[in-house]
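Hi,

Here is the structure I promised to pass on to you. Have a look at it first, and then read on for what I found in it.

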Amino acid sequence: MERQTVLIVDDSELNRMMLMEILGEQYHYIEAQNGREAVRLMEKKLTVDLMLLDINMPEMNGFQVLEQMNRFRWIDEIPVIMISTDETNQAIQQAYAMGVTDYIRRPFDTFIVRHRVENTLKLYANQKRLMYLVSDQIREKEENSNLMVGILSHVVEFRNHEGGDHIRNIRSITELLLRRLVEKTKAYHLSEEDIALIKTASALHDIGKITIPEEILNKPGKLTSEEFAVMKTHAAAGAVILEQMTFGQEKPLFRYALEICRWHHERWDGHGYPDGLRGERIPIAAQVVALADVYNALTSERCYKKAFDHDTAIAMILGGECGAFNPLLLECLADVSPRLRITSHVPLDGDPYRLEVNRLSDELLARADLPRNDRVQRILESLQERIDFFASCSGGIQFEFDALSGLADITNWDEPPQYRHTVKNAAHPECFCRLSQKDFHRLQEAMAATTKETPEFSVSLLLPCGTEHHWCDLRVRTLWSDRQPEHYVGAVGQLVDPQLSVKKPLLLSAADVNTEDGTLALAAEMRRLRMVFDVVRLVDPTTNSVLELDEQGVLHPNGSHCAAFWDNGRSCANCISSRALAQKTTLNKLEFTNTDMYFVISKYLCLNGMPCVLEMLSKLSEGRWIDANGTRLLLDHSRAENMELFMDPLTNTYARRYFESYRSHLEGMEHVAIIDVDSFKQVNDAYGHQTGDTVLRDIVAAIHSCIRSTDTLIRYGGDEFLLLFPKMDEHIFVRKQNEIREAVRRIVIPEYPELHLSVSIGGVSGVHPLAEAIRQADYLMYENKEKYYTEGEHVTPPPKMEENIKIRDK
Amino acid sequence: MTIKQCYQAMGADFEEIFQRIPSEAMIRKFAVKFPEDKSFAELTKALEQGDVETAFRAAHTIKGLCLTLGFSHLTAPASELTELLRAGRLDGSEALYDQLAQAYNRTVELLRAVD
């Protein structure tokens, strides 16, 4: 084995000599007389397996060397053992914090020096060997990387709603065009390998689109000029994503991918974007993929247009209607047109991985997207009290059906508790054996007729009940994935035997209330319901008015519009109350305000001859179900155990990981604040980590006391928090920041009443994208913090309110 | 004079260093190089020029060497001077320097007498 190299950095020759003598001849040594020399040696990329570093040196001391090593990431590859004479514990801690592996204090013991060096080298050798092993495996399995490219591009096209063939078509067309091009000219020096690489890289042309907000990306209509400007950023964004990769930059595939991502929207006449490159300044790979992309876009259906046939598409491109291209490439397109006509929607290359890629990525996507059974489970669990209450009032059989597993969870409320819950396989013939053939077909038809817009239906089914048959009401709500393309994922429903239900003594099982006692009982019932539901009200859906029940049992409109509650500037798309009224029944649905999601139950009632609807609304817990735009269930994406990964265990706020994962969903947040605990390190140092933890928990509690459940608090760093608000008045946002500062100021740690806490906050409104908002908020926060430190207020008292408002207004 | 005798003559603790560096040959090899180290000359020069920073670094290096070499008789004066200079002070350095220089010179003399 080759001798390992030890770099000894010490200004004293005698010290260096002693270390070399002690460590012996098994190592190769390089000596540096001071820090600057050591840095110069590392800059030359000399192979160094270990560094022994003195602290006190002329020119550049040991800590400055560590700073450089951190800055250039050398510290990740070169283990450092620090050797020093009389440094304070603080200095030693600092050295460890800066990444030194070990520390030896003078006077040292030869045995210890030898063993620490040996151990450190062994440890790092293992790590290096592992790294080689892993990278070898990666290199070895090029098939796998093709597979990964396939999966990646499929994920992108899925998000772009482009259907499964888009990438495959682009690859095929790119290859056809390139092959024709090399037949026509040698000018581009394209080898067979280049063609293969460009073909592979073409799959990545649109990866920048992952940075484009969903609403713009998949907007069915024409984009506004602002939206189009955002859309156009995807080209440069794709290049940035690639450029930020820390490996593989030197690979030809990478170069092609970068060219294609950045320049596949450039035009031959120089009027394209992002750089307005003209003619042959556009790399040939990007030119070809641009043409392939346009042809494929024309011949495919998109959310904003229908598909053109092959001949029309070719005519449009050659006629210059779809951009300006290299005339030679247009010739190539015309040449390959007959082949394209046949092959454009048939796999041309017989890619052996395609099926596998599609299967795998579909599986991935399915897992990430589908609201699985546990989502229904969790919605219901969070509402368990309410559901139980409601179910026990109306009885019957409830079920949740998960299309993916084909299993139905059935709860029969008419059975004693131990027999209530069963799970049935819907595919099993026994599952529907009690239904007549005719009813079974009716049920199937009704299910098939549901859409995302009209997910509910109810049918009457004749079912055996003891020795006789009863007509039972089956009410079903199908569940749909929020993601495009819409797909059916399951159903929830309730089967009620009216003859059994009326036997229930509870008032709400009877729809008609005609007596004075009945009126009183209804009023009492509503009071009881209000303890269970967030909103309980009577409405008249025919006039859209909210009704009040007076003491005489008479209903009066109270003047407000029933849809006003939803605060979304429109009436409800799916008014179940009018349907409940018309059908004299009970229906439920999910409905959204701008910020929250509600589970709504509408129950038909007839009060002293006046028909009305009792609406019971449950807010779904904490707004966590909904993202910034109030449209998507966040938890669709993660199973319960993932959720735990997304919570910071100490403070029970969202963890940074959550932020990184759901960044795109948080993109629309209007107000962004960075909150940083002042002098937190000093608190930790002076009072210990346990107190530090308590401080963080108390501060989080203080922040929580000032914000709404729809606001998102994320532990962004150790003592740094990111707070995101949906739209609200700007002065309220400013007020909230002051409230938070005040609330933190009021915190008293019982064990250390002398400990005064404060936070510095930087807040911005209406800045997009989020990354920029965070950057600006961070900047403001530091400005405020500097003010806080320079004014020396960190002793006592905390920053004054007025000053902070001034800073904020700046 | 053996290295062990030399240590005894200097008033240093040979047993201490022998525990850390359990080889007389190696101790000897290290110790006899001590007079060649430039730190003391640097210290002398820096103090003459009133260059506290360089003086501190030199004193600090001497202290480190003495600790490593087990020159316990030199460690205390070297350490005192280091701390004074670390604080950026020159007042009083003269006395401490003289004290260190005396011990240093004697040490160098004795080390030169080692076989």
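Let me start with a pair of helices in chain A: the axes of helix 11 (residues 252-263) of chain A and helix 12 (residues 284-299) of chain A come within 8 Å of each other and cross at roughly 50 degrees. That angle makes helix 11 of chain A oblique to helix 12 of chain A, and the crossing of the two is right-handed. On the side of helix 11 of chain A, the contact is made by A:Tyr256, A:Glu259, A:Ile260 and A:Trp263, while helix 12 of chain A brings A:Ala285, A:Ala286 and A:Val289. By residue type, this contact divides into six nonpolar, no polar and one charged.

Before you go further, please keep in mind that this is a predicted model.

**Chain A as a whole**

Chain A has 810 residues, of which 33% count as buried. Its secondary structure comes to 29 helices and 22 strands. Among the contacts in chain A with a separation of 6 or more, 59% are between residues 24 or more positions apart.

To begin with, A:Asp54 is where UniProt, in an unreviewed entry, places the feature "modified residue: 4-aspartylphosphate". You will find A:Asp54 in strand 3 (residues 50-54) of chain A. Is A:Asp54 buried or exposed? A:Asp54 counts as buried, because 28 C-beta neighbours lie inside 10 Å and the cut-off for buried is 20 or more. Not counting residues up to four places away in sequence, A:Asp54 touches A:Val9, A:Asp10, A:Asp11, A:Asn15, A:Gly62, A:Ile83 and A:Ser84.

The other stop is A:Ala777, in helix 28 (residues 770-790) of chain A. With 23 C-beta neighbours inside 10 Å, A:Ala777 counts as buried too. Which residues does A:Ala777 touch, once those up to four places away in sequence are not counted? They are A:Val672, A:Ala673, A:Ile674, A:Gly762, A:Gly763 and A:Val764.

**Chain B as a whole**

Of the 115 residues in chain B, buried residues make up 44%. Residues 24 or more positions apart account for 55% of the contacts in chain B with a separation of 6 or more.

Chain B also has a helix pair to show you. The axes of helix 6 (residues 72-86) of chain B and helix 7 (residues 93-112) of chain B come within 9 Å and cross at roughly 150 degrees. That makes helix 6 of chain B roughly antiparallel to helix 7 of chain B, and helix 6 of chain B passes helix 7 of chain B in a left-handed crossing. Among the residues that make the contact are B:His73, B:Leu74, B:Pro77 and B:Leu81 of helix 6 of chain B, and B:Leu96, B:Tyr97, B:Leu100 and B:Tyr104 of helix 7 of chain B. The residues of this contact divide into eleven nonpolar, four polar and one charged.

**Where the chains meet**

How many residues of chain A are in contact with chain B? There are 15, and they are in contact with 18 residues of chain B. On the side of chain A that touches chain B, the largest share, five residues, comes from helix 1 (residues 13-23) of chain A. The residues on that side of chain A divide into six nonpolar, five polar and four charged.

Finally, do look at B:His60, in helix 5 (residues 52-69) of chain B. The UniProt annotation "modified residue: Phosphohistidine", from an unreviewed entry, covers B:His60. With 28 C-beta neighbours inside 10 Å, B:His60 counts as buried. Leaving aside its neighbours within four places in sequence, B:His60 is in contact with A:Asn56 and A:Thr85 of chain A, and with B:Thr82 of chain B.

Terms used. Residues are numbered from 1 along each chain as its sequence is written. Chains are lettered from A and ligands numbered from 1 in the order in which they are written. This is a predicted model: local features need pLDDT of at least 70, side-chain atom pairs count only at pLDDT 80 or more; totals for chains, interfaces and linings use all residues. UniProt positions are given in the numbering used here, feature names are shortened, and annotations may be inferred rather than shown by experiment. Helices (H or I, at least four residues) and strands (E, at least two) are DSSP runs, numbered from the N terminus. A residue is buried if 20 or more other C-beta atoms lie within 10 Å of its own, exposed if 12 or fewer, and partly exposed in between; C-beta atoms are placed from the backbone. Two residues are in contact if their C-beta atoms, placed from the backbone, lie within 7 Å. Ala, Val, Leu, Ile, Met, Phe, Trp, Tyr, Cys and Pro count as nonpolar, Asp, Glu, Lys and Arg as charged, and the others, Gly among them, as polar. Axes are lines fitted to C-alpha atoms, for helices over the stretch in contact, and angles run from 0 to 180 degrees between N-to-C directions. Angles under 35 degrees count as roughly parallel, over 145 as roughly antiparallel, 65 to 115 as roughly perpendicular and the rest as oblique. A crossing is left-handed if the near helix is turned anticlockwise from the far one by less than a right angle, and right-handed if clockwise.
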